[in-house]
Amino acid sequence: MSDSWGPGSGFSTGPEAGAERESPQNLPGYPQGTPAPGSPGDDSVSRETGARADDVSRETAVVTGGPVTAAQLAERAAGFDDDLTPLARAAQATVMVRAGIPQEELDRPAETRVFVVANQKGGVGKTTSTVNLAAALTQLGQRVLVIDLDPQGNASTALNIEHRQGTPSSYELLVDGTAIADLAQACPDAAGLWVVPATIDLAGAEIELVSVVAREQRLKKALDAHPRIGTAAAVGPDRFDYVFIDCPPSLGLLTLNALVAGAEMLIPIQAEYYALEGLGQLLATVDMVRAHLNPELAVSTIVLTMFDARTRLAAGVAHEVREHFGDQVLKTAIPRSVRVSEAPSYGQTVMTYDPGSPGALSYLEAAREIVTRGSMT
Ligand SMILES: Nc1ncnc2c1ncn2[C@@H]1O[C@H](COP(=O)(O)OP(=O)(O)OP(=O)(O)O)[C@@H](O)[C@H]1O
Ligand SMILES: [Mg+2]
């Protein structure tokens, strides 16, 4: 499998695809007659959210078959009054989130679903997807635990969780065997979201764990021992519905702990050519873990991130990924959006920073897909 994803894979993006840009109206599948972004007839932009002109893909999230407008995404936001315009829906989403009211109450899974968010490639949207899907799930009535397993602590920052050196964190979980219940902090901006932060101490954990017995099982042990993780029958209504483990950009012992602990793997793929490199190695690692350490592990979810529907390159990558992974790929792709990238600097996810923005609506839709299609393992 690795051969098919290497640089010599024959993957075609068309001539000068990286530099080529074209209007989304010209792309296959783009709704005909759609006004140009920013034109007077374009009501796809959440104007009251202040999305900026350089938010290049603000009107483009992808659903199988072609891009759809943010207005269409807003229309899909269930639970809203059908008579509302897309802009009014976006505004309503904002109001509901500000008031702390779930946008929708979806059925909870019968058992906690544990997602490993991993891709050894850096900067592909692992952390952004982790925190925004987690926050989106709470807006759909789910209870979520995020475990930050990256010494960079980006997920902790985005979720506004204390993670200065010395804060009880995933380091204590892995190295000292501290219980998750003693480490998790409630996210101040999302009811039902809890976080085990990562501090810089975690950078030393890979080395410190080398001499520890069953060093790749530490996280699994901690999750198994948590009284709020398990089936509805065993744990009751206080259980976590979803656990998201945000991995660092490497395939070392930290990521291995996550792969052993989780059943579902979520791989974010940036819709850029180089993002496909290394995927073969990642999948080979998954196969190895499945064969020797965790037979339950399956790549259940692929999410396309930073999608810019104006480039043939992005469309080509999306097509290739969908051909290879099929139903594992979420129909909703996450558009490249300035609001998504600036949210962490305010200690927020885009789900609370700008709930009516295309990035937030896309993550909400992606979360809804994850819930409604259920576990694919
Ligand atoms: N949809 C998006 N639109 C715009 N910027 C984005 C989007 N998703 C992610 N980014 C930005 O891309 C950068 C990398 O994202 P992120 O930190 O989530 O990747 P990562 O895979 O977790 O990185 P690392 O490998 O370092 O852990 C960040 O600056 C983030 O704000
Ligand atoms: Mg990260």
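The points below are grouped by topic.

The model is predicted. Ligand 1 is surrounded by 18 residues. Helix α3 gives the most to that shell, with three residues.

**Shell around ligand 1**

- The closest of the 18 surrounding residues are K126, T127, T128, P335 and S337.
- By class, the shell holds six nonpolar, eight polar and four charged residues.
- Two helices, α3 (126-138) and α12 (338-342), each supply at least two residues of the shell.
- The largest contribution, three residues, comes from α3.

**Polar contacts to ligand 1**

- K126 places a polar side-chain atom 2.8 Å from an oxygen atom of ligand 1.
- Q152 also points a polar side-chain atom at an oxygen atom of ligand 1, here at 3.2 Å.
- S337 uses its backbone instead: an N or O atom of that backbone lies 2.8 Å from a nitrogen atom of the ligand.
- Ligand 1 on its own exposes 620 Å², and the protein buries 80% of that area.

**Helix α3**

- Is α3 largely enclosed or largely open? Of its 13 residues, 12 are buried, so the helix is largely enclosed by the rest of the structure.
- The cut-off for buried is under 20% relative accessible area.
- The buried residues run from K126 and T127 to S129, T130, V131, N132, L133, A134, A135, A136, L137 and T138.

- Q142 sits in the loop between α3 and β4 (144-148).
- Its relative accessibility is 2%, so Q142 counts as buried.
- The Q142 side chain reaches two backbone oxygens: that of D107 at 3.4 Å and that of L140 at 3.3 Å.
- Beyond four places in sequence, Q142 touches L106, D107, R108, P109, L137, G192, D241, Y242 and V371.

**S170, in helix α5**

- S170 belongs to helix α5, residues 170-176.
- Is S170 buried or exposed? With a relative accessible area of 0%, S170 is buried.
- The S170 side chain reaches the backbone oxygen of D148 at 2.8 Å.
- Leaving aside neighbours within four places in sequence, S170 is in contact with D148, L149, V196, P197, A198 and L202.

**V260, in helix α9**

- V260 is part of helix α9, residues 253-261.
- At 2% relative accessibility, V260 counts as buried.
- V260 and L219 are 41 residues apart in sequence, while their C-alpha atoms are 7.9 Å apart in space.
- Not counting residues up to four places away in sequence, V260 touches E216, Q217, K220, V289, L293 and N294.

Notes:
Residues numbered from 1 in each chain as written. Chains lettered and ligands numbered in written order. Predicted model: local features only at pLDDT ≥ 70, side-chain atom pairs only at ≥ 80, totals over all residues. Heavy atoms only, no water. Near = heavy atom within 4 Å. Polar contact = N/O pair within 3.5 Å; in protein donor to acceptor, adjacent residues only side chain to side chain. Areas by Shrake-Rupley, 256 points an atom, 1.4 Å probe, with all protein chains shown as cover. Helix = DSSP H or I, 4+ residues; strand = E, 2+ residues; numbered from the N terminus. Nonpolar A, V, L, I, M, F, W, Y, C, P; charged D, E, K, R; others polar. Buried < 20%, exposed > 50% of the residue type's maximum accessible area, 1.4 Å probe, protein only. Contact = heavy atoms within 4.5 Å.
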